[in-house]
Amino acid sequence: MQEWLKMSAGDLGRGIGAGQIDPVALTECYLSAIDAHDFAPRIYARVTRDRALAEAGAARERARLGLRRSLLDGVPISWKDLFDSAGVATEAGSAFLAGRVPDADAQVLRNATEAGLICLGKTHMTELAFSGLGLNPITESPPCINDFDAVSGGSSSGAATSVAFGLAAAGIGSDTGGSVRIPAAWNDLVGLKTTSGRLPLTGVVPLAARFDTVGPLCRTVEDAALVLAALEGDRPADLTGASLSGRRLLVLTDALDAVRDAPLKGFRHAVERFRAAGAEIFEAPVPAVSEAMGLSAILFATEAYGTWKHEIEARPELMFSEVRERFRGGKAFSGADYVAAWQRLDALRAEYLAATAGFDSVILPSAPILPPDKQKLENDGTFFASENLLALRNTRIGNLMGLCALTLPTGVPSAGVMLLAPPMAEERLLRLGAAGEAALR
C-alpha cells in the first residue's frame, strides 16, 4: 500500500475503477501516513479524519455499484486553509481568524466532493496568503521537499508539501501573485494557476479578489486537468496526442534578469528539451510586462490592505511583522491611484495579448530563486523583503496580465518552467503542458 502514496491521482482513480484499490483502504493509508510523518503537524493545520472516512465509504459503495462520479472518485486530496469547510475551522493561517468555523463548504469544495474526491484536511499557509515564501511564524512553516531547512514556497505551502511528502494525492491552493506556482515549483510539482473568474471564489477567504484564483498542485499535468474538472464540475481537457511539434514558444526575456544559476539551468534545460521535441523557440521582451510590473504595489497591496485593514489595525501584534508591513504598503496609495492603475493595466493586458498572439505559449522560469533558509527569513527583515519580491517576480506576470499559467518541474531540484496562455485557455495550456512534461522525462 505504501506505493499508493507516490502514485498520481489519475493512476489511483484508475486503480479504484479496476477494482484494484479500495477507497477506504486508500484513505486509511493516507491517514496513517499523516499520523506517522514527522512533518505532518507542520503541513496539516487540521485533519478531517471522520469526513474523509465517511466520504471514502461512500466512494467504495459507488465503485461497487459501478456508479463512480468521476475518474477521481475515491481519491484523497488536501485543501489550503482558506477554503471554507462546514463545521471545521478555516483560519487562513492567521491569528485574526482563530476559531472561525464556517457553516458551509466553499463552492469548489462542494464541487469536488460531488465528483467523489475525499477531503483529508486543511493545510498550513502564509498569513492571509500575502507572501510567496511560505514562512509563517504565527502557525507553521512547512519544509521544502529538497531542503528541510528552507521554506516551501507560499502562500500554498502546505498544499504543495502535502503532495510532495506523500500525504495527499493532490492539493488545492490559491494563487493571487504566484501562490500555487511558487510552492509547486520549489517542491518539484505541477501547479496550475487558473484564469481569474474561471473557478468560483464563494467561500474562499479573500486576499485581493480581483486577482485571487483557485488551482491544483499535483504530480502530473493529467492530474491538474482532472482536478480542474472536479473543481468546476465539468469534463477534463483531452490530453491525448498532445505534441510540441511545430508549436511556437516565446521566451520572455523580461523575466530572465536576476534569475539565479540553478533556476536558470533548469529553465535552459527545459527550453532545449522543448526544442528537441519539435517546438520553435523565439526570444523577445514584451514591453507591456515591464510597465505592468511597476503597477504591482498599487494594485496588490491596496486591495489587500483595503480588505484587511480593520483587522490588522485593531490587533497588529497578532501578525508577523514582515507580512503586516506588506499589507500596510497599501496605505500609500489613494483611491484615484488605484483606479488609474487598473485602467492602465486593462490597456496593458490588451497590448500583451496582441504582442503574443502569434505564439502558442510564453515561457519563463517559474521563480528566479531557490527556496531561502527559514531561520534567515525569520531573523532578517531586509532579506525577507528582497527574497519575497524575487520569488514573486515572474509568477505575478500571469496575474497582472490576466492569464492562465502552468509550472512544470524541470529535473533541476526546485526549478520550474512556466507556460503562460491567454485567459480561459486552460485546455490549450494543459495540452502544451502534457507535451512539455513528456519532453522533460
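Two strands are taken as paired if DSSP finds at least two bridges between them. Helices (H or I, at least four residues) and strands (E, at least two) are DSSP runs, numbered from the N terminus. The model is predicted, so that local features need pLDDT of at least 70 and side-chain atom pairs count only at pLDDT 80 or more, while totals for chains, interfaces and linings use all residues. Residues are numbered from 1 along each chain as its sequence is written, and side-chain values use heavy atoms, with hydrogens and water left out.

Strand β8 spans residues 214–218 and is mostly covered, with 5 of its 5 residues buried (under 20% relative accessible area; exposed is over 50%, partly exposed in between; 1.4 Å probe, protein chains only). In a regular strand, side chains alternate between the two faces of the sheet. Val214, Pro216 and Cys218 point one way from β8, and Gly215 and Leu217 point the other way.

Strand β6 (residues 171–174) runs antiparallel to β8 and is joined to it by 4 bridges; Ser174 stands opposite Val214. Strand β7 (residues 190–193) is also antiparallel to β8, with 2 bridges. Here Val190 faces Cys218, and Gly191 has Leu217 as its bridge partner.

These strands belong to an open sheet of 11 strands with mixed pairing, in the order β1-β3-β2-β6-β8-β7-β12-β13-β11-β9-β10. Its edge strands, β1 (44–47) and β10 (280–284), each pair on one side only. Neighbouring strands are turned by 25° against each other on average, direction ignored (axes are lines fitted to C-alpha atoms, for helices over the stretch in contact; angles run from 0 to 180 degrees between N-to-C directions).
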